[in-house]
Amino acid sequence: MGAAKESPGHAEERNPIHMNIADIKTDNRKRIYSYLREQSQATKQEIAYTLQLSLPTVTQNLTYLTELGLISCENKVINRAGGRNPVAYSYIPDARVAIGLDITRHHIKSIVTDLDGQIIKYVYRRKDYQRNDDYLKVLGNEVENIIAMAGLQREKILGVGIAVPGLIDRTGEYVYDGRVIDNHGMTRAEFSRYISFKTKLIHDSAAAGYSEIVHSPDIHNACYVSLGSSIGGSVFINDKVYLGDGLFSCEFGHLNLIPDGLPCYCGQKGCFDSYCNSEVLSSLTGGDLFTFFDRLNNGDEKLRTIWDTYLQNLATLITEIRMMFGSSIIIGGEIGPFIDKYLPQLQVKIDVKSPFSEKSASFLHACRNKMEAIASGAALYFVQEFLDTALETTD
Ligand SMILES: [Zn+2]
């Protein structure tokens, strides 16, 4: 992650007409760090030549990055008769790490990610959500547990992203709408009561979408559709999450499919949520989606008919989103990991609905992150913040 995502705005940022001395120094530092991230290792001379910077500027910044612990230097072994071995500087992916928690009705997933967005450790715990102090202690224990299991140095930990079902207020301090699990009005401070690091409270769909966009260097504008026990989503424009003026910019589940149709938990009737949430499928196989898709793959005729109707409704939803945003669309949530095999079938249903005869294969994607997108995305908020701000200079 990182380097490829920073390129679109780079040329303008580096226009000296708009930059003061501090901006230029910060920009040089970021370019050197980005170059090392891309190359993994480089000498001072290579960096100076490639980035067209003076050797003293490169030296000063490499010293700064080394002192921050973000890079290391070592003698590079090169068989060159008569010459000294040059010093090579190496990028350290786990110079900092971040922790992400994914809280749902029945489980807690914890992950640790490095500065490249690679998952260092993943822990799954089956634990029913409860709105009480004991549960908050469990969250604190999960954080300490994964730190111990991954052998992390505490000073390297940037923070803990806590992803929950529910809309988060713009301040990031409390759950504005928490009807999926009973967390309405709960605060970041409550969730963080037994966590001794910086925390952020994040809407689960926004976290999952963020994880996808960070790991998709070729996609900058996207709608992430989360098909879980409820339907949510997030929108990204130029790699940044778009929240709108209210808090409901991505509530795709409450677009209307059938006027006066099935009741929705929101109080309205006929929302897509009632037709495309994952429980529409899992409820037919004892609450287990794996069993549903197992039986579907083994030719269960009844499930095949239901799945066909599900895809038909999903095609309508995807078509409407495409008409509104014109962006890539990523299918995630609980259904996301199963959708790959059925994308061609879904694409046919979408393509016949297109008013412009476009082929959905060009914009429709299954999620890349199959198991831990939410926890990973929650942690990545800290990584991106660090990469955006850690190298800024005011001198
Ligand atoms: Zn609804």
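This is a predicted model: local features need pLDDT of at least 70, side-chain atom pairs count only at pLDDT 80 or more; totals for chains, interfaces and linings use all residues.
Is Cys264 buried or exposed? I looked it up: Cys264 is buried, because its relative accessible area is 9%. (Buried means under 20%, exposed over 50%, partly exposed in between, with a 1.4 Å probe and protein chains only.)

Residues are numbered from 1 along each chain as its sequence is written, and side-chain values use heavy atoms, leaving out hydrogens and water.

Zinc site. I found the zinc ion held by His254 (ND1), Cys264 (SG), Cys266 (SG) and Cys271 (SG), at 2.0 to 2.4 Å. Donors here are N, O and S atoms within 2.8 Å of the metal (3.2 Å for Na, K and Ca), and as water is not among the atoms, sites may look incomplete. I wrote the donor spacing in sequence as H-x9-C-x1-C-x4-C. Why tetrahedral? The four donor atoms subtend angles of 102 to 120 degrees, so the arrangement counts as tetrahedral (for four donors, all angles must lie between 85 and 135 degrees). Cys266 is partly exposed, at 24% relative accessible area.

Ser327. I traced Ser327 to the loop between α12 (301–325) and β14 (328–332); helices (H or I, at least four residues) and strands (E, at least two) are DSSP runs, numbered from the N terminus. Ser327 is buried, because its relative accessibility is 9%. Leaving aside residues up to four places away in sequence, Ser327 touches Asn221, Ala222, Cys223, Arg322 and Phe363 (contact means heavy atoms within 4.5 Å).

Tyr124. I placed Tyr124 in strand β6 (residues 119–126), and Tyr124 is partly exposed at 43%.

How values were computed
Four donors count as tetrahedral if all angles lie between 85 and 135 degrees; four count as square planar and six as octahedral if opposite donors are over 155 degrees apart and all others between 65 and 115; anything else is irregular.
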